[in-house]
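Here's a quick briefing to read alongside the model. Have the structure open and follow along, topic by topic.

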Amino acid sequence: MSVEATTERVLRLLALLQRRPSWTAAELATELRVTDRSIRRDVERLRALGYPVHATAGVGGGYQLGAGTRLPPLLLDDEEAIATAVSLRLAAGGTVAGAGEAALRALAKLDQVMPSRLRAEVRAVHGATETLVGPAVEIDAEVLVTLARACRDAVRVRFRYAGRDGEERERTVEPVRMVTTGRRWYLMARDVDRDDWRTFRLDRMREVAATTWRFRASEHPDPVAYVQRSVTGAPYRYLARVRVHARPERVRELVQPQVGWVEDDRDGWCVLVVGGDDLDWLAAHVARLGFESQVLEPAELREAAALLARRLAAMAGAD
């Protein structure tokens, strides 16, 4: 038997041991279609890799995968194990449909072979952490995988897309990259029919299918910056530009990427571009940043800012 076949069988044995608490040698041999002797050899291979496989002799005995004293060296070191476990716990409440259940299954497998000292650290982090998130839209995992493969393989994708008016139209695109804001997923792609770059929300896609038509990758805008500008400006009635007396990185810390973006300026100033449907909200949002600001556009925002200033002065009891 080849090395590849043996490796595959050992991995299948590991998967079986992770599936339920205990197996007899005969049961494992039946599942893997090998002899009891082969099972014993494969168990020794797993132990050599660091997996703690316990054996119980006698009637009712068998093999059991226990909690290990160390992680297998070919997989994860301590820092990687903690990072993976914490990420899986957070993924249980993610935006990809079905990913939460898959994350819990993966976490259970990792927890079973993780040393007790690491399990304690992971649970301490989880127990001391709360996640504050807004309502998110779940994405079908199959759609996510289809688009990811299409981006990787540079093949066109067809789908039906619901516009803001609710009407669905068929689109054919050349996908470049997916971008997530944490609440929503977006695809940046070249729309073949319109011969231009577009941003598509994954939750508005239906009947997503990759074609066999390969395309030649060409120069394209930065996906993150392009999607950020699309989701910041396009959905809103107003797009404001405000000069802010602060370092760009400081303003970026205070403004969420789906709300606005920051452009470098000069002499200690930067330009904040932020979208909104309400001028009063925009004025208050900029004021809350706490920096000296100058409205560049639209002119209506200056009027809204002046009105806000008068209201605040009256609230403070100013003459």
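Predicted model: local features only at pLDDT ≥ 70, side-chain atom pairs only at ≥ 80, totals over all residues.

- Arg190 belongs to strand 7, which covers residues 185-191.
- Its side chain has a polar contact with the side chain of Asp195, at 2.7 Å.
- Leaving aside residues up to four places away in sequence, Arg190 touches Arg156, Thr172, Val173, Glu174, Asp195, Asp196 and Trp197.

- Strand 7 runs antiparallel to strand 6, and seven bridges join the two.
- Ala162 has Glu168 in strand 6 as its bridge partner.
- The hairpin of strand 5 and strand 6 has five residues between the strands, and Gly166 takes a positive phi there, near 85 degrees.

**Aromatic rings**

- How many aromatic pairs does the count come to? The total is three.
- Are Phe159 and Phe200 buried or exposed? Both are buried.
- Tyr161 also pairs edge-to-face with Phe200, at 5.1 Å centre to centre and 85 degrees between the planes.
- That pair is another link between distant parts of the chain, with Tyr161 in strand 5 and Phe200 in strand 8, 39 residues apart.
- Tyr161 is buried, and so is Phe200.
- Put together, ring pairs link Phe159, Tyr161 and Phe200 into a cluster.
- Elsewhere, Arg20 lies over the face of Trp23, at 3.7 Å from the ring centre.

**Helix 10**

- Which residues of helix 10 (residues 279-288) are buried? They are Leu279, Leu282, Ala283, Ala284, His285 and Val286.
- The cover over these buried residues includes strand 10 (238-244), strand 12 (270-276), strand 13 (293-297) and helix 11 (299-315).
- Where the helix starts, a side-chain oxygen of Asp278 comes to within 3.0 Å of the backbone nitrogen of Asp280.
- After helix 10 comes Gly290, with a positive phi near 85 degrees.

**The chain as a whole**

- Eleven helices and 13 strands make up the count of elements in the chain.
- The chain has 319 residues, and 39% of them count as buried.
- Take the contacts between residues at least 6 apart in sequence: 57% of these join residues at least 24 apart.
- Accessible surface for the chain is about 19,100 Å², and carbon and sulfur atoms account for 51% of that.

Note on methods
Residues numbered from 1 in each chain as written. Heavy atoms only, no water. Phe/Tyr/Trp six-rings, centres within 6.5 Å; stacked < 30°, edge-to-face > 60°. Buried < 20%, exposed > 50% of the residue type's maximum accessible area, 1.4 Å probe, protein only. Helix = DSSP H or I, 4+ residues; strand = E, 2+ residues; numbered from the N terminus. Lys NZ or Arg CZ within 6 Å of the ring centre and 35° of its normal. Polar contact = N/O pair within 3.5 Å; in protein donor to acceptor, adjacent residues only side chain to side chain. Contact = heavy atoms within 4.5 Å. Areas by Shrake-Rupley, 256 points an atom, 1.4 Å probe, with all protein chains shown as cover. Pairing = 2+ DSSP bridges.
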